[in-house]
Every structure is written in structure tokens, then in C-alpha cells.
Amino acid sequence: MPAKKKGKDAPVSLQCAAFNQLHTHLAVGTTSGWQVVACDPFVPCHQAEVAGGVSAIQMLFSSSPIALVGGGERAEDSPRRLRLWNTSTSSPVFELTFAT
């Protein structure tokens, strides 16, 4: 496994990818954030940079909320934190933090 770099020069790697139930959108989580793309035509719809990255992402059908699980080491980006994000307003709907 290659050494992890910190900061702006850190390589971006894929953490997860999932189609929605209709297979019309692909949600991708990386070490630097997330992105949702439409499949036909293949164009980006929504994206955001997240400091700790995203370890899991899921879109429900073609609705605006997406579920995000953090991939970082900080408490705000913890893999124990589930965040429901509204892509149309670019704001969180709610967050759940699970104990270790």
C-alpha cells in the first residue's frame, strides 16, 4: 500500500461508487469529496469537496437527498457519522453519529 500524502498534493482515490435504484445516476465518493453524475447523457450533476473524504454514498432514486458517510480521521468526517445531504440546497438535512 502506498504511503498516504497529506495536503493539496495528496492523490485522490476512489472510495465507493453506487448507482441509484433507477440506474440513472452514479454517486461516487473519493478521498477528497463526492460527485453525482447523470448516466444519459454522462454529465456531472452535483459535487462537493469534503476534508476527510467520503467512504460511502447513496442516492435514493432521483431525489435530492443523498446519504454520506465520512472517511476522515477528524470527528466531523468520521466513518461513524452518517449525514443526509440535500443537493438542491447544498446543506445538511440531519446527521447521526454512532458510538464506537
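This is a predicted model: local features need pLDDT of at least 70, side-chain atom pairs count only at pLDDT 80 or more; totals for chains, interfaces and linings use all residues.
Residues are numbered from 1 along each chain as its sequence is written, and side-chain values use heavy atoms, leaving out hydrogens and water.

The structure holds one cavity of 30 Å³ or more, meaning a set of points, on a 1 Å grid over the protein atoms alone, where a 1.4 Å probe fits but cannot get out. About 80 Å³ of space lies in the largest cavity, the volume being what probe spheres set on the points fill, with points joined across faces, edges and corners. Its lining residues (an atom within 4 Å of a point) include Val 50, Leu 68, Glu 76 and Arg 83. S6 and S7 are the elements that give two or more residues to this lining, and S6 gives the most, with three.

Let's turn to those strands (DSSP runs of E, at least two residues, numbered from the N terminus). S6 (residues 65–70) and S7 (residues 81–86) run antiparallel and are joined by five bridges; two strands pair if DSSP finds at least two. Leu 68 stands opposite Arg 83 in S7.

Both belong to an open sheet of four strands in the order S5-S6-S7-S8, with antiparallel pairing. Its edge strands, S5 (54–59) and S8 (91–97), each pair on one side only.

Terms used:
On a 1 Å grid over the protein atoms alone, a cavity is a set of points where a 1.4 Å probe fits but cannot get out, and a pocket is an open set with protein on both sides within 12 Å along at least five of seven lines; lining residues have an atom within 4 Å of a point.
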